[in-house]
Amino acid sequence: MHGQPTAQAGLPDHTSVWILDHRPDDLLGDAHVRLEQRPLPHLAEGQVLIRNAYMSVHTSMLGRMLPTPAAQYCGVRGPLNPTSSYLPYVVGEAMTGPAIGTVLASRTQDIAPGDLVRHDLAWRTYAVADAAAVEKLPDTGLDPTVHLGPLGLNGLAAYGALKDGGHITNGDTVFVSAAAGAVGTIAGQIARLYGATRIIGSTGSPHKARTLTDTLGFDAVLNYRQGDLTDQLRAAASDGIDVYFDNVGGDHLAAALDTLNPHGRILLCGLHSQYTQGDIRWPDNFPLVIGKALHLTGVKVFDYAQQFPQFATDMTTWLTTGALTCPTTITPSIDNAYQALQSLSTGKNTGQALVALRPDPAPTSSARHTKAAGLLPDNPVHRG
């Protein structure tokens, strides 16, 4: 099979793929996207054919469909951010994003059939990719889905931000908003590993709060649906907080500004509360950044690329030893992929949100890549 085009008998010649049908006025519903069958191109020299197993979904994908001001400020290219390399989705074309899968055919010496790879051609069951844009994954013995979560961009964002801008010392109190999300679950645990004494998170459900305290080691959790956030945060951090890892903005940022100690650190990673809105609204107490001499760091994950080798070593060790774990919500079938993306805004997910693109998604590059094998249930499941 090595070096042969996709027309070879037994190889697929079509793929199911999600297309951005038109640029929407808003992101409600799914009329602006469609799932269709498209032919696969023949393999050219230097390309591989991949059977995708899993893809991850991220809120930023919504911003790539409709580049609002908030999406542009957070990194999507547009008039407000014309030099960014993070491009909006193209109308009429397949959407993209992180995915892992197994190579079925190859026309390169560097990647062979059976290799487990990571790439950016998500939202489809099969992909033809240039080998230069595909990463052959190591056999760590871990569930391969970790390469889309703690060993992926979300893990690197938490790791790099806390390392470069968190400056955590023993005794620090750290507050993480959206703590049950893909970045938040990892950020809280890394902060503890870096020496923080008290970790506080926020979430919107008692079930997620119990996961954060009972499984992930958070000391206290605020429920933003139950009472004033500032009052809750002050009660949970009587001596103030030293670091705020912000995934939400809005009222969470306002509460953190009121509670941060002088010279505290804010890591601005996301604005989930405003990502799809037309206007950005900063808290009225934002000038406390001046009054308390706070340090702000914008979290741009691609700036941490040079840290990836050490990040991969550290994260693999933490995962292997059980020092860190990552809950995962898996939605079965490519048919439900857009539903999985929309569920990010409804709070249905815990940890990393993934889609199993096929009913039998287990990568097969090694006998140790077996934890993800088997048919998935009809409803999303949580793992971790």
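This is a predicted model: local features need pLDDT of at least 70, side-chain atom pairs count only at pLDDT 80 or more; totals for chains, interfaces and linings use all residues.

User: Cysteines to begin with: how many disulfides does the structure hold?

Analyst: The structure holds zero disulfides. The sulfur of C74 has its closest cysteine sulfur in C269, and because the two are 9.0 Å apart, they are too far from each other for a bond.

User: And are C74 and C269 buried, exposed or partly exposed?

Analyst: C74 counts as partly exposed, with a relative accessibility of 38%, and C269 also counts as partly exposed, with a value of 22%.

User: Switching to strands, why is β11 described as largely enclosed?

Analyst: Strand β11 covers residues 241-246, and six of its six residues are buried, so the rest of the structure largely encloses this strand.

User: Which strands pair with it, and in what sense?

Analyst: Strand β8, residues 173-176, pairs with β11 in the parallel sense over three bridges, while strand β12, residues 260-268, pairs with β11 in the parallel sense over five bridges. Y244 of β11 stands opposite F175, and in β12 the bridge partner of Y244 is I266. Between β11 and β12 the chain passes through helix α7, residues 250-259, in a β-α-β crossover that is right-handed.

User: Now the packing. Which residues have the most contacts inside the largest nonpolar core?

Analyst: That core has 37 residues, and those with the most contacts inside it are L162, V174, I190, F245 and M315. Two or more residues each come from α3 (153-166), β8, α4 (182-193), β11 and α9 (308-321), with α3 giving the most, at six residues.

User: What does M315 touch?

Analyst: Leaving aside residues up to four places away in sequence, M315 touches P150, L151, I186, I190 and L324. Another core, of 23 residues, lies apart from the largest one, and M55, A337, L341 and L357 are among its members. As general background, nonpolar side chains in soluble globular proteins tend to be buried together.

User: Last topic, the charges. How many salt bridges are there?

Analyst: The count comes to eight salt bridges. One of them joins the side chains of E36 and R38, at 2.5 Å from N to O, and D21, R34, E36 and R38 are linked in a network of salt bridges. E36 counts as partly exposed at 21% relative accessibility, and R38 likewise counts as partly exposed at 23%.

User: Which parts of the chain does the pair of R107 and E45 tie together?

Analyst: R107 forms a salt bridge with E45, and the closest N and O atoms are 3.1 Å apart. Because R107 lies in the loop between β4 (99-106) and β5 (116-119), and E45 in the loop between β2 (33-39) and β3 (47-56), this pair ties together parts that are 62 residues apart in sequence. R107 counts as partly exposed at 24% relative accessibility, whereas E45 counts as exposed at 62%.

User: And where do R192 and D219 sit?

Analyst: R192 is in helix α4 and D219 is in the loop between α5 (206-215) and β10 (220-223), so that pair links distant parts of the chain, 27 residues apart. Their side chains meet in a salt bridge at 2.6 Å, N to O; R192 counts as partly exposed at 31% relative accessibility, and D219 counts as partly exposed at 36%.

Notes. Residues are numbered from 1 along each chain as its sequence is written. Side-chain values use heavy atoms; hydrogens and water are left out. A disulfide is a pair of cysteine sulfur atoms within 2.5 Å. Buried means under 20% relative accessible area, exposed over 50%, partly exposed in between (1.4 Å probe, protein chains only). Helices (H or I, at least four residues) and strands (E, at least two) are DSSP runs, numbered from the N terminus. Two strands pair if DSSP finds at least two bridges between them. A crossover is right-handed if, with the strands pointing away from the viewer, the path from the first strand over the helix to the second runs clockwise. A nonpolar core is a set of buried Ala, Val, Leu, Ile, Met, Phe, Trp, Tyr and Cys residues joined through side-chain atoms within 4.5 Å. Contact means heavy atoms within 4.5 Å. A salt bridge is a side-chain nitrogen of Lys or Arg within 4 Å of a carboxyl oxygen of Asp or Glu.
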